[in-house]
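User: I would like to go through this model with you. Could we begin with the overall layout?

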Amino acid sequence: MAGQPLLEIHDLSKRFAQRAGREPPPWVIQDLSFTVGEGEFLTIIGPSGSGKTTLLNMIAQIDSASGGSVRFQSQIAPIADPKALNPGLSCQIGYVTQEDNLLPWRTTLRNVLFPLEVQGRLNDETRAHAQMLIRAVGLAGFEDHYPHELSGGMRKRASLIRTLVYDPPVILMDEPFGALDAQTRAQLQEDLLRLWDLGRKTIVFVTHDIAEAIALGDRTLVLTRAPARIAGEHKITIPRPRDIRGIMTHSEFGPLYQRIRAELQ
Amino acid sequence: MATLEGSPDSNGAIRGGRAGALMRERGDQLLVLVVLIAIWQALSMIYGVYWIGSPWGVLVRFSEGVLKGELLRHTSYTLWEAVAGFIIGAVPAAALPFLLRRRPIITAILDPFMVGGYGAPKLALAPLFVLWFGIGIESKVALVAITVFFIVYFSALAGIRSLDAKLVQMAQVMGANERDVARHIVFPGAVPYIFTGLRIAMPYSIGGAVIAELISANRGLGYLIQLGAMNFDTTGVFVALVAVTCIVIVGNWSVNVVERRLLRWRPPADLKLETGA
Amino acid sequence: MTSQDTALELTQPSRLQRQYYAVIAGRIGLALLLLAAWKTGADRAGPVYVADPFQVIERIFVDTQSGVLLRHIYVTLRLSAMGFAIGCFFGVALPFLLRRMPRLTNAVEPYIMASVGVPKYALVPLFILWFGIDDAPKLWLVGLLVFYPIFIAVFAGIRNVDRRLINMARIVGASETKISREVIWNSLLPFFFAALKIALPRAVSAAIIGEFLVGNEGLGYMIEYSRQNFDTTGVFAGIVVATALVLVINAMLVEVDRRFNAWRPTERHMEL
């Protein structure tokens, strides 16, 4: 499944800045290396506080690294200097954050169109694409609602398709379904897999939920507690399309779940 | 950790050099003060002390005024008007929502009148008060009182409305009667709101007194300002202005001190949030 | 300042209905009572101290027909509008400028905040001395009184913009200009409106007070001139018109705010 590495993370490290007169601060992330292939759905799982968000922030170029490099399509991203950061790497890396970060003064539709608008790509074709995505995640009829009028799940959907709409080659997702109830969560996982099946984007999906990591990914990386290092790597060969709600009954699921849980201890 | 913002580098950097940054900030602020005084001095030299009293001249006159008691006398008139008006306006304004707490219909009837009174330009009543109460202290007290009243009324009302019904129920379950509830639940809960109103009303009370004095009076700081302007004595005007500003600053400070003593139970973050707003 | 109606307990529809009518009747009754008190006061105290309400209404009517009153209103409103425009411009522009100069901001902030405490009305005699007796001193007064609430609100608003929204906008490719216009401006719009609700009525009041102190036209002049001539009916008429003017502006602002900020879940409480 994995083709050419699209994204290469090499020896990436992060520590808080030194404070005057104190011992050096601990590493949040230390010498982390992995690659993500084109069209791959990579899940990263780690205990809370293991620097997962920091990792994604660095890849998304909204936070600088203390060491190491990030390459996208073999080009080195300017990641060391906080001033040279290029958030989103010129719209090539999308980022679905834990909070939906919808603009509260824009309606659902206008939130979804926001990236197209600022990129100057708003036309009939992209507009139709946005409408299609809105229908695909069941937000039809809510286009003119403001974020505060939507439920948590709906806001999540809107924030998801706001990233999908401009088609970045890589999408980072930071526990996007973390705060939702189990039912909504399963529904959104299904939606995500369905959408992913349409375009087969490259996705880096961070979670602390083992079942979610297995259910969604082609491959999963297990991180240790801070400083984050890779504790294990697993290919997930459960065939697609997958049945999210019934995934626990698949023969591969149980042993994998146990192994990952052991690595997380 | 769960946010897009958490940039450890920049946070750390700020915290790391905090002492140094603070020193630099204080230095910058001192520099700005020096520059401001220099500009003032330069302006008074360019236009002459006739138009703009010099900083030194103002300082000399100010201390003269304080030493001779002249300035203190006028200040005390203004202060007295402001304090009397403040109390006459604030006490019933704070009490009314309490008395009407169990009578929502009366509160509702009053509402449009209170909103109208709150929005109405009270300072425009100054000539009327001068007409009714003469140019003495009474007209100023009346103007200050009516200005303060509406501001404090709405803050006290907000305090009553913010009341947590669950707390009242809890107290009632534990056997509290109506008076206990009012004293131990409603009042403490409303105090922060009332103080917000007092803090807002404070500068208005001094401003109201000064404006009434500007329009018609024979003593007080507003009168001093008007007198200085009529005699083309800008230094005198500046001295009076400095005195007024001092009162406002001291007034603000004392409201804050009283508030902090009365509201020790509040989490400090809350207080910070409010003063920061 | 919302209506109290919501606080009325919803026990039974019929009871609610009764309470609603009681409130309406009470309001009308109270209004009539105030009017009666005014009338009685006028009869007791005499026309020098309290003008007769009906004479005041008649005066307003007559002056409106002759055009004198409209002229005064026009002068006052024009002054308010010009002063408002000046104060508003600087109140918005300055925080955006300071945003780019954090060091300067920290250095000047305490002085700006201290200058809030200077009673602006007390500066009018000085302004008259410096800028003459035309519109200039009044414009300074109105401008300053408008400037402060708006400056403070916009300044605080810019500081409170959600960093995460800015990061999000950067990631999807928004330019700095677009971020200023879209994210920052919209985030501080509620703050701006809260300030506007203070500043706009204040501009009109300030214009009126300014006219008390200097000038020969406008509502404030009309009130003060009447007072000096012991024309109490004129004083009352002027005050009634001035109050009505400010209240109408208030009501219009509330309506505009409601439409403009429909995206907001609830009214934000702001102190200024």
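**Domains and confidence**

Analyst: In this predicted model, the centres of domain 1 of chain C and domain 2 of chain C, taken over C-alpha atoms, are separated by 32 Å.

User: Which residues does the domain assignment of chain C give to domain 1 and domain 2?

Analyst: Domain 1 is 1–45 and domain 2 is 54–260; the bounds come from an automatic or database domain assignment.

User: What pLDDT does chain C average?

Analyst: The average is 85, and 91% of the residues score at least 70; pLDDT is the predictor's confidence in each residue, from 0 to 100.

User: Where does pLDDT stay under 50 in chain C?

Analyst: Residues 1–10 of chain C are one such stretch, with 23 contacts beyond four places in sequence. Residues 266–272 are another, with 16 such contacts. Contact means heavy atoms within 4.5 Å. Where pLDDT is low, the predicted coordinates should not be read in detail.

User: Changing topic: at what angle do α4 and α10 of chain B cross?

Analyst: The axes of helix α4 (residues 70–99) and helix α10 (residues 221–230) of chain B cross at roughly 125° and come within 7 Å. Therefore α4(B) is oblique to α10(B), as angles under 35 degrees count as roughly parallel, over 145 as roughly antiparallel, 65 to 115 as roughly perpendicular and the rest as oblique. Axes are lines fitted to C-alpha atoms, for helices over the stretch in contact, with angles from 0 to 180 degrees between N-to-C directions. Helices are DSSP runs (H or I, at least four residues), numbered from the N terminus.

User: Which residues make the contact?

Analyst: B:Leu71, B:His74, B:Thr75 and B:Thr78 of α4(B) meet B:Leu221, B:Tyr223 and B:Leu224 of α10(B).

How values were computed: Residues are numbered from 1 along each chain as its sequence is written. Chains are lettered from A and ligands numbered from 1 in the order in which they are written. This is a predicted model: local features need pLDDT of at least 70, side-chain atom pairs count only at pLDDT 80 or more; totals for chains, interfaces and linings use all residues. Side-chain values use heavy atoms; hydrogens and water are left out. Helices (H or I, at least four residues) and strands (E, at least two) are DSSP runs, numbered from the N terminus.
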